[in-house]
Amino acid sequence: MILKPSFNIFTSEDGREALQVIKNKNIDVVTLDLKMPVMPGEEVLKQIKDYDPTIEVVIITGYGTLKSAVEAIKYNVFDYILKPFNVSDILSTVKRCLERREMSFRVKAFLTEIEKESKSPLKMYKHISHFLNKLDEFYHPAKSEGYLEFVKVLTSTLETNDTYTKGHSERVNYYATLIAEGLGLSQVDTRDLQTSAYLHDIGKVGISVNNGSLDENELTEMRKHPLKGVKMVSPLKLPHEVIGGIKYHHERMDGEGYPEGLKGDQIPLFARIIAIADCYDAITVGRPNKAAMSKNEALLELKRNADSQFDKELLDIFAKALRKK
Ligand SMILES: [Fe+2]
């Protein structure tokens, strides 16, 4: 009701009715109370996203959050608003939501267009680099926050067609944020880390490999992705901490990583954080030739590689944060 003067609003008493409205009208944004009669809010959310994944959903809840944040990531919930909320909060959230939806359409239309004409990954890489170069004409973010929204849309769109990478950057962002919270990073640093986490694998766009085990040539090619990623995002003029996360997320504490073989503290903080988040996600999601590990198995596996591969202190912070989830 609060939104009525600015938007065209439809209200529903319960989930089933809401789903009918969504199917009959052109809905951009749904504000969804989790506690509803007839159908649980989580089920309504699932059905909305099954019907049309581009509809943005803002959860309004009086009792905490969804059962797990991973569930929210799975359904790409835009934001939560906790009750009691104030009017300006809900207005600004819905406004941001609509901006993201519009940007989503433009990015998707662009990527669909270049996918049609880019038969090779190399062409795709060139097109996206060109696109990022022209970004100022296409999108004018308030630099501090805007790019984060943009990179979310870009990376999730790029991942859509691959079962194993789908949602990867979103989950790496989530795990990296847990470490940032544990470290007590500032809001600005956390946002930069998140931008870096979303973009860490963007350089893979330019690389063609089969899913599964890589031969030597493919491995050499794949190892170029951090540097390719840095090159791709260079027009965005991102802070050097963000670039460091992309460039060095495959370095190892013992100096055996790539691209430069940096050791220990030489590896920038964001890269050490992303390395943990990245690896945890890869082993808990699994690969065609590797079964997914449980949370505990994955933490044990990471701990086995503490000091040789990962920063032990950051790993402890991550394990502590994950156990609370
Ligand atoms: Fe990577």
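Start with the nonpolar cores. The largest nonpolar core has 28 residues, and Tyr175, Ile276, Tyr280, Leu302 and Phe318 have the most contacts inside it. A nonpolar core here is a set of buried Ala, Val, Leu, Ile, Met, Phe, Trp, Tyr and Cys residues joined through side-chain atoms within 4.5 Å; buried means under 20% relative accessible area, exposed over 50%, and partly exposed in between, with a 1.4 Å probe and protein chains only. This is a predicted model: local features need pLDDT of at least 70, side-chain atom pairs count only at pLDDT 80 or more, and totals for chains, interfaces and linings use all residues. Residues are numbered from 1 along each chain as its sequence is written, and side-chain values use heavy atoms, with hydrogens and water left out.

H13 gives the largest share, eight residues. Helices (H or I, at least four residues) are DSSP runs, numbered from the N terminus.

Select Phe318. Apart from neighbours within four places in sequence, Phe318 is in contact (heavy atoms within 4.5 Å) with Tyr175, Leu178, Ile179, Ile276, Tyr280, Leu299 and Leu302.

Now display the aromatic rings. The whole structure holds four aromatic pairs. Rings of Phe, Tyr and Trp (its six-membered ring) pair if their centres lie within 6.5 Å; planes under 30 degrees apart count as stacked, over 60 as edge-to-face and the rest as tilted. The rings of Tyr174 and Tyr175 have centres 5.4 Å apart and planes at 55°, so this pair is tilted. Tyr174 is buried at 15% relative accessible area, and Tyr175 is buried at 7%. Tyr175 also pairs with Tyr280: the centres are 4.9 Å apart and the planes at 80°, so this pair is edge-to-face. That pair links distant parts of the chain, with Tyr175 in helix H8 and Tyr280 in helix H13, 105 residues apart. Tyr174, Tyr175, Tyr280 and Phe318 form one aromatic cluster.

Move to the iron ion. Its protein donors are Asp201 (OD), His225 (NE2), His249 (NE2) and His250 (NE2), lying 2.1 to 2.3 Å from the ion. Donors are N, O and S atoms within 2.8 Å of the metal (3.2 Å for Na, K and Ca); water is not among the atoms, so sites may look incomplete. The four donor atoms subtend angles of 84 to 174° around the iron ion, which makes the arrangement irregular. Four donors count as tetrahedral if all angles lie between 85 and 135 degrees; four count as square planar and six as octahedral if opposite donors are over 155 degrees apart and all others between 65 and 115; anything else is irregular.

Along the sequence, the donor residues are spaced D-x23-H-x23-H-H. Asp201 lies in the loop between H9 and H10 and His225 in helix H11, so the pair ties together parts that are 24 residues apart in sequence. Asp201 is buried at 15% relative accessibility, and His225 is buried with a relative accessible area of 1%.

Select His249, in the loop between H12 and helix H13 (269-285). His249 is buried at 2% relative accessibility. A polar atom of its side chain lies 2.8 Å from the backbone oxygen of Ile246.

Finish on helix H11 (residues 225-233), where seven of the nine residues are buried.

Technical notes. Helix = DSSP H or I, 4+ residues; strand = E, 2+ residues; numbered from the N terminus. Polar contact = N/O pair within 3.5 Å; in protein donor to acceptor, adjacent residues only side chain to side chain.
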